[in-house]
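Dear colleague,

Please find below the structure that I am passing on to you, together with its sequence. My notes on what was found in it follow directly after.

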Amino acid sequence: DETIENAQWIEDDQTNGTPAINIYAHYTEGQTIWPRGLSLESVQTKGAVEIANISTDEIGVVQGLVDSDPDVDAIHRLIFGVDADFKFNDGPVSVVKNGTYSPFNSQNTLWSKSECFPLLYLPSTVTFRFTDILRGYVAQRCLWAMGYKVAFTPSSAYQYRNVHDYYKDLVDEVPCYTEARQLIDTLNNVDLSGDAFVDILTCYKGLEKVRIVQPEEVTRLSLWLKDLKEIMEKA
């Protein structure tokens, strides 16, 4: 347990209808860039910042930013492209407050608490470009119930990306834009217990009701959780 001094506590400043912020805006200046999974209405939302110390014991997931070819969505790539030598600015660790979402993906990410491992589940009934984003939103909601938060750090890795078909990526990413508000509303309205094994099922049952995931998602998740619990009990 250590203390992160002068961390940025970030909270949505209520400038749009979706409580989500653009974390990249805190590590760039004069550039329009946003992470994959952020709804377009939140691109300009930087959020309100408060400087404070935080214990590492409160952090359940750490997402490090990535230089060279960061994880932006297909709309950004089609309109602006990405400079091969792109670098984020340095800065303090950013911690997103309860109630404010910031998408995080599967790159350069540390899950620091074993009790959070059930939240690693990747949904299988959504598109490939939506699966880790949906996982991140669900994880944030469950982490708050567990007393944990998501932290973002300045870049600590480089990515040299394989060739992609940006239009195909765009088609896969459509749910990130069209379902973001309903996704967040659904997650905000579930009652959670603080037990990740229980809470992730609660979240996906809610998402199945509004058809963000398909009915077989809950079945697959239940089987995955059963196997994970057995593995963790034997470890």
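The loop between α5 and α6 contains R211. Please bear in mind throughout that this is a predicted model. The phi angle of R211 is near 65°, a positive value in a residue other than glycine. Most residues other than glycine have a negative phi. R211 counts as exposed because its relative accessibility is 70%, and exposed means over 50%. A positive phi also occurs at N6, where the angle is near 55°. N6 belongs to strand β1 and is partly exposed, with a relative accessible area of 49%.

In soluble globular proteins, nonpolar side chains tend to be buried together.

Y101 may also be of interest to you. This residue is located in the loop between β4 (94-96) and β5. Y101 is buried, since its relative accessible area is 0% and buried means under 20%. Between Y101 and W144 there are 11 Å in space, C-alpha to C-alpha, and the two are 43 residues apart in sequence.

As to charged pairs, the structure holds 9 salt bridges. In one of them, the side chains of E41 and R181 meet at 2.7 Å, N to O. This pair links distant parts of the chain, 140 residues apart: E41 is in the loop between β1 (3-11) and β2 (48-55), and R181 is in helix α4. E41 is partly exposed, with a relative accessible area of 37%, and R181 is likewise partly exposed, at 40%.

Which residue forms a salt bridge with R77? The partner is D69, and the N to O distance is 2.7 Å. Both R77 and D69 are buried. A further salt bridge joins D169 and R161 at 3.4 Å, N to O, and these two residues are buried as well.

Negative charge gathers in a surface patch made of D1, E2, D57 and E115. Of these residues, E115 is in the loop between β5 (109-111) and α2 (128-146). E115 counts as partly exposed because its relative accessibility is 36%, which lies between the cut-offs of 20% and 50%. The other patch is nonpolar: L78, I79, F80 and Y166 make up a surface area of about 410 Å². Y166 is part of helix α3 and is partly exposed, with a relative accessible area of 32%.

With kind regards

Methods. Residues numbered from 1 in each chain as written. Predicted model: local features only at pLDDT ≥ 70, side-chain atom pairs only at ≥ 80, totals over all residues. Heavy atoms only, no water. Patch = residues over 30% accessible without salt bridge, like charges linked within 9 Å, V, L, I, M, F, W, Y side chains within 5 Å. Areas by Shrake-Rupley, 256 points an atom, 1.4 Å probe, with all protein chains shown as cover. Salt bridge = Lys/Arg side-chain N within 4 Å of Asp/Glu carboxyl O. Lys, Arg positive; Asp, Glu negative; His and termini not counted. Charge placed at Lys NZ, Arg CZ, Asp CG, Glu CD. Helix = DSSP H or I, 4+ residues; strand = E, 2+ residues; numbered from the N terminus. Buried < 20%, exposed > 50% of the residue type's maximum accessible area, 1.4 Å probe, protein only.
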